[in-house]
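Good morning. Please look at the structure on the screen while I go through it.

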Amino acid sequence: MRNKVLLAVAWFLISTTCGAVPVLAATSDPMTGLRRLSEQEYRNSIADIFGKDIAVQGMFEPQIRMNGLIATSTSVLSVTPAGFESFSKMADGIAIQVTDEKHRGKLVSCTPKSAKAPDDACAAEFFGRYGLMLFRRPLTAGELKMRVTLARDMTKSSGDFYAGLRYGLAQLLQSPNFLFRKERAIPAGGKALTLEPYSRASRLSYLMWATTPDSELLRAAQTGELATAAGLDKQVERLLASPRLEAGMRAFFTDMLELDTFDTVSKDALIYPKWGGAMPSSAKEETLRTVINLTLRENGDLRDMMTTRKTFINRSMAALYDVDFTFDNDWMPYEFAKDSGRSGIVTQVSMLSMFSHPGQSSPTKRGVALMDIFLCEPTPTPPANVDFSAINDTTGPLKTVRERLMAHATTPTCASCHNHSDPIGLSLEGFDTIGGRRLTENGQSIDLSATLQGKKFQDGTGLGQYLHDNPKFPACVAKKLYAYAKGMDTDDVEPSVTKAAYKAFSDSGFRLRTLIRGLVESPEFFNAQASTVEASAGQTKVAASP
Amino acid sequence: MKFQRRTLLRGMFQGSTAMMAVPFLDCFLDSKGQALAATGQRIPTRFSTFFFGLGLTTSLWVPKKAGLDYDTTIQLKPLEPFKKKMNVFSGMRVMVDDNPNYQHWSGNAAIATGIAPTKNSQFDSKTIDQTIADVISRGTRYKTVQAAASGDPKHCYSSLGGANTLPAEPTPLSLYTRLFGPGFQDPSSGDWKPDPQVMLQQSVLSTVTDERKDFMKDLGPGDRARMDQYFTSVREAELQMAAELQRPDVVAKVTIPGAPGEMPVNYALPNVRTVTPLMAKLGALAMATDQTRVFNLAISEPGSNIFVPGDPLGYHITTHMEAIDLTLGYQPKVAEYNIYSMELLASVLKEMDAIPEGDGTLLDHSLLMAYSDQSYAKIHAVDGIPIMLAGNASGRMKTGYHIAGGGNPVSRVGLTVQKAMGISIDGWGKGSMETKAAYTELLA
């Protein structure tokens, strides 16, 4: 109860001479997290604040994955000179559109006394409104005044009120307060800290909808409702019930399944002339549609993503899977035949082709990636001086990749890691490097059996069932979702913080919404430690190569 | 006279041209690394890097003879036209001390910083090109420009330190647009004039800089370093705008071509072969017109995924999986891939040498450092990583030498480079690679 009083005191609103704009009292709460907005978050935020017809043009800094998640790196990365240059141009491009004659009627809520002279009250209303949405909290009096002054100067030198708004808005969009999400905490009894309501609103919104908090969330932050269990629950239910949850979970699964890797996958067109064109983006979309349909639209058992034969295909995926495409729209639901060998997303083109060589499948690459992605079990980097040449000698007696890999993996130093990750990859050898089905390799039929952690199974279907039945898989999803939400390293997620949420998840038959609710309403979710986030997230782990 | 942006602003829209007569910024005239050619024309000295993954094959590239007139080896053959204009360094050591040898990272990071990295995929300090740019790039539009010839903006090994690397332009078109698209004015053109917009944008940026104190006050040390980078980036954008208001003090004898079209940019070797010289040419033109003085080009990431169509494995996997031919004593397919890297380097030098400047070429007024991540990629060895320096840095670097490193730290090369570029430092590097011993015999 004491905490709620504190919240109300720390975040009371004061009025200023700038007009009837709520502004925030300047505080010095401990800062606990600082996360760079991702490209998707930036784009979604702009579309939600100004409308989808405001174009965002320019290049974003590349993202990097740290220990399995891009979200982790957002707590470590900064903005480089070339990156800022691009942000700066994007900001001006957006500000020009928002204040142009076409949009100002809708997006500028007040009318200036004169279109050619400064009007501080109207400017303050404009910056107060958009400042709140862009910074995800009200501006302080000083912050508001600075933009109003800038706009006034610009209006005076240009003789155009809207030019003043344009430059002031461009300023807001280049501010570190927009480009970074600053999470602030307040005391929660003893040494404990907890996120203040506006930071809570941001964390919930970027996790669940992958965008900036909407006005209702900001309102719940302003009134302090988000700091109460009932208020939080009300908002969480609202976010969970919205179709916008799909955008949030698409962003999460894109990160967790490493689907961004597709942007730079090259395949050898000489060996696989089928590859190319819309195929990479279609394969990515197929997997996202499958996962979202299963977990949200059908509210199904999340583990079924390993066994379902239901998918969605478009014309280019149909060509790759050798099935008829008979549909008027771009995408159609499709169910693979029982004997197709396909089982869930691990046998979809996306996962099969991302973790392969340009012209040859790689059981090791597939195994290492899938162990890490689905079971949270990274494989150590191979020793620097390993001799892999036996694996590639097709002139000798060993014809299939399996035989050659086994010969190499009997070396004691190699065996422990290969026994860890290869079985998964070997069971997928029935699919070539672009995910097409095959039964032989260099004239010999392929052995698709595997034994992993004491369990024997056969081919992709067996692998799907193995992962489906392995409790480490849903536990790994829970852990990654938690790390994703907080921008932390997956390895630093203590089992205790996801325990209750995992139990609810399990009891519900692995419904994704139950997991999200459990995680965000757990007492630990908004707990914070002052400025320690970046200390643990600095180490990138690189998986074994060949 | 001090440059007063805010007061000048007022006059902008009233058509006043009084502010156009602003003298050159002091920092612009102070720039180091400028030579005065016989024509009286001012020619700055530029710095470039060329990164290629996976090294070379020692038995095929290291010349037997050291010093001048060394023997041209099989793998150095593509560089023969530039032999007199470059130096090659063999046998240089990367000393990791107590740090791990991060595969496909420790070697190139050590060459670029003089420090064995303590974290994978991160730099323990600013990279050498950035240190040099701090001194020589003042007054240019871009402090440094980066390009990635196999199309991934992450393929850039230039950094202000930490996990951030500068994003590279991933296509010739994006590189062209950045350099010669909106905002570019040919310094040699008769109707050069400052763009009034730039000044307004400067005012906006100065208010972003004003946020620094407030934003930084409650940050922990790690986040403080991150935001230092952010505000450094803001500052660079301000300097870039200041530079755009000044006509570059160079007379370039070049014609800026039209924009290149869309083209496939990926790991397939034929594409890399088309894109690399095209990007090099754009970079060379950018340096000739003083849009930048530092240009970084990478043909791939360290564990290069470049592939020859038809080769199912590609370069990186081949280095690990191809058996050593017992008669030849090396990996034959890997050796072919090695030569492609040298051919690509030669194609870059050719573009730089094709631009006439003063009594020489752009290459003569440059220093290009070419380097890799491994010496023997099969076992991730880092001792003896090939390093080449091309161009004589406007006469400050003697060329035509093969330096047999004999186990000396790679940081000696980096130190020599910085001295040739006019950076005033005594030593460079950390731990066992800390050195004060530049190759003074190469410095003119």
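This is a predicted model: local features need pLDDT of at least 70, side-chain atom pairs count only at pLDDT 80 or more; totals for chains, interfaces and linings use all residues.

Chain B first. Its secondary structure comes to 13 helices and 11 strands. The radius of gyration is 22 Å, close to the 22 Å that the globule rule gives for 444 residues, so chain B is as compact as a globular protein of that length. Of the 444 residues in chain B, 57% are buried. Now take the contacts in chain B with a separation of 6 or more: 70% of them are between residues 24 or more positions apart.

Next, the two chains together. How many residues of chain B are in contact with chain A? There are 61, and they meet 62 residues of chain A. On the chain B side, the elements that give two or more residues are helix H1 (5–12), helix H7 (196–210), helix H9 (221–244) and helix H11 (314–321). H9(B) gives the most, with 11 residues. Sorted by class, this side of chain B has 27 nonpolar, 22 polar and 12 charged residues.

Now the domains, beginning with chain B. Domain 1 of chain B is written in two pieces, 29–182 + 252–442, and domain 2 is 195–245. Their centres, taken over C-alpha atoms, are 30 Å apart. The contact takes 7 residues from domain 1 of chain B and 6 residues from domain 2 of chain B. The domain 1 side of that contact has 2 nonpolar, 3 polar and 2 charged residues.

Chain A is also assigned two domains: domain 1 (2–242) and domain 2 (251–469). Here the contact takes 8 residues from domain 1 of chain A and 6 residues from domain 2 of chain A. On the domain 1 side in chain A, the classes are 4 nonpolar, 3 polar and 1 charged.

The last item is one helix of chain A. Why can we call helix H20 (residues 459–469) of chain A largely enclosed by the rest of the structure? Because 8 of its 11 residues are buried. Among the buried residues of H20(A) are A:Asp459, A:Leu463, A:Tyr466 and A:His468. A:Gly460 and A:Gly464 are also on that list.

That is the end of my part.

Key: Residues are numbered from 1 along each chain as its sequence is written. Chains are lettered from A and ligands numbered from 1 in the order in which they are written. Helices (H or I, at least four residues) and strands (E, at least two) are DSSP runs, numbered from the N terminus. The radius of gyration is taken over C-alpha atoms; the globule rule is 2.2 Å times the number of residues to the power 0.38. A residue is buried if 20 or more other C-beta atoms lie within 10 Å of its own, exposed if 12 or fewer, and partly exposed in between; C-beta atoms are placed from the backbone. Two residues are in contact if their C-beta atoms, placed from the backbone, lie within 7 Å. Ala, Val, Leu, Ile, Met, Phe, Trp, Tyr, Cys and Pro count as nonpolar, Asp, Glu, Lys and Arg as charged, and the others, Gly among them, as polar. Domain bounds come from an automatic or database domain assignment.
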